Amino acid sequence: MADYKAPLRDMRFVLNEVFDAPKLWQTMPALAEVVDAETAEAILEEAGKITANSIAPLNRSGDEEGCRWVDGAVTTPAGYPEAYRLYAEGGWVGVGGDPAYGGMGMPKAISAQVEEMMNSASLAFGLYPMLTSGACLSIYAHASEELKQKYLPNMYAGVWSGSMCLTEPHAGTDLGIIRTKAEPQADGSYKVSGTKIFITGGEHDLTENIIHLVLAKLPDAPAGSRGISLFLVPKMMVNEDGSLGERNSLGCGSIEHKMGIQASATCVMNFDGATGWMVGEPNKGLAAMFTMMNYERLGVGIQGLATGERSYQSAIEYARERIQSRAPTGPVAQEKAADPIIVHPDVRRMLLTMKALNEGGRAFSSYVALQLDIAKFSDDVEARQRAEAQVALLTPVAKAFLTDMGLETTVHGQQVFGGHGFIREWGQEQLVRDCRITQIYEGTNGIQALDLLGRKVVGSGGELYSAFAEEIRGFCAATGSELEEFTAPLTAALENLDALTASVIDSAKRNPNEIGAASVEYLHVFGYTAYAYMWARMAEAALGKEAQDDFYASKLGTARFYFARLLPRIHSLSATVRAGSESLYLLDAAQF
C-alpha cells in the first residue's frame, strides 16, 4: 500500500478558494479570536505530519493484531498506546473543544479536515478520539458546570477518553425500548444498571479513565423515547481533588469479532449499579445525545471519504507502475514490455470515479461543517437559523451518501489492483472491510434516508429542501456564460430533484409506504445533485487558472468527468423513485 500523504493542497483549495472560510471566520467574533488563514494552515500541516508519520504505519499491523480481551481487560494493538499518547499531547483530541476547558477552539471546518486525515491514516485508531469528542460535545452542551469542570479538561487533553452507550441487545434503532435503568440516590447521583452492546472504545488501554455517556430510564419514566435520560458514568471514580479513586461498578463482558476495524474495541458493557450523574434534564436524554449527532454523523460520513481517499492514493500509484497489455491506441511505454494500466479506459473510469467522488465529498463535508460553524458561532440570528436548517437537511445526506460513495470508491480501488486487491498485504481489502461499517453505525443509511425524506423533506412540507434549492439556483443565476458547461447540467439536475420532491410529497399523502419505498434512491439523487453543486463551485474557483497550474487543470478535468459520467446516474434513480411502492408489496411474507 502506498504511504499516506494528507491531501493538503485540496483541503486548502476547498477552504480558501471555494468557500473563503478564513473570511467567514472573521465575521464571527468567537472564531476571529482563535483562527485565521495562517493558523488554519499550521494546524493542517501538523495534522498531516502526525497522521502520516505516526498513525498510518499502524493501520495494517493494527488490523492484523486486533484488540484482545482477557478477564474484562482490553489490550489494543502494539504501538497504539504510544501513538495515542503522542496524538493527545499534540492537543488533537480537543481540536474543536472550548478553550475555557483546555480545547483548541477550532471551527468544525478545520476539525473536519483533521478527522479526514486521521481516519485515512487509520479508521480504527480514529474512532477512539472521535468518540471522546462526541461525548465532550454532549457534556459541554448539557451537563452542569460542575461536571464540565471535572471531566472536560482531561477529556480534551486525551488523558481520559469517552464512549457513547446507546444500543442494547434488543434495541438498536428503536431506542425507546431500552431497558437500562437509573435509580436516583440521596446524594443526587444515580445507580445505573443494564447491558449495552456495540460500544466503541468501551474498554481499552489507551487512557487511565473512560467516561461513558449512558442512555437509561428513570423508575417513573414515560414509555418510549420520551422517557430516556442521559447519564455520565466514569470507569474510575474521580475524587474531589481530581485524582482517580476506586473502579466503578461496570465492566466489559466481551469484545466483538468483526468484519473490519479490528483495532477498535467494540465492547459489550455491563453496568451493575454503577454510579453516574445526569446530563441535562430528566427524560430529555435523546435531545442531549442528538446535540452531538449532527457532528458525529458528519464525522462518520468523513470516515467514508477518508477510506476512499486512502484507497485512491494506493490505486493511482499502482496504476502508474503496474504494466499490463498495450493501450488501445498503440504502445505508450515503448521501452517496456507493456503499458502502465492507467492507459486503459476502464482503469481510468475507476480512478476518475474515485477522484471525483473523493473531491466532491471533501467539498460537501466542508460545506456542511461550515454550516455547523455558522449555526454555532454566528452573531447574525437570521444566518444562524438558516444554517441550522441546512444542517438539519444535509446531515443525513452527509452521513449516508459520503459512506455509500466511500464503499464504492474503496471497491474501485480494490478492483484496480485486480487479484492483488484481494490479497491482504496490499491493504486494499482492509479498506473495503473497514469502510463497510460506516454505512451501518450512527444510524444505518436506510434510516438516514428515511430521516431525510420523511422528517426533513416531507415533514417540513418541502420548506427545508426549498431553501437549499434556492441557494443553488442563486449560484447558477449569479455566474456568467463561462461556467455554463457546469451550471446548465446542474440546473437540469436541480429541476429534476424539484419535480421528484414534489412528486414524493404528493404521493406520501395518499400512501405512507411511498416515503420508505423512495427514500434511499431519493437520497442518492439528492447527493449527486449536491455534489454537482460542489463541483460547479470548484470549477468556478479553478477556471482561468488551468494554464498556470496542473492542479486547476486536473480539477476542471475531473469536474467535466463528474458531469458527463456520474451525474447522469440521477435518471435511473429518479425512475426508481417514480415507480412507487406497489411492487414492494406484491409478495406475502411467505412468498419471499
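This is a predicted model: local features need pLDDT of at least 70, side-chain atom pairs count only at pLDDT 80 or more; totals for chains, interfaces and linings use all residues.
I number residues from 1 along each chain as its sequence is written. Local features need pLDDT of at least 70, side-chain atom pairs count only at pLDDT 80 or more, totals for chains, interfaces and linings use all residues, and side-chain values use heavy atoms, with hydrogens and water left out.

**Cores.** I looked up nonpolar cores first (buried Ala, Val, Leu, Ile, Met, Phe, Trp, Tyr and Cys residues joined through side-chain atoms within 4.5 Å; buried is under 20% relative accessible area, exposed over 50%, partly exposed in between, with a 1.4 Å probe and protein chains only). The largest has 175 residues, and Trp-25, Tyr-522, Phe-526 and Tyr-562 have the most contacts inside it. Helix H17 (residues 513–542) gives the largest share, 18 residues; helices (H or I, at least four residues) and strands (E, at least two) are DSSP runs, numbered from the N terminus. I also found a second, separate core of twelve residues, Met-354 and Val-416 among them.

**Helix pair.** Next I checked H7 (residues 108–121) against H10 (residues 285–321): their axes are 8 Å apart, at an angle of about 45°. Axes are lines fitted to C-alpha atoms, for helices over the stretch in contact (heavy atoms within 4.5 Å), and angles run from 0 to 180 degrees between N-to-C directions.

**Phi angles.** Asp-71, with phi near 50°, sits in the loop between strands E1 (68–70) and E2 (73–75). Phe-198, at about 60°, lies in strand E5 (residues 190–200). Asp-71 counts as exposed at 75% relative accessibility, and Phe-198 does at 52%.
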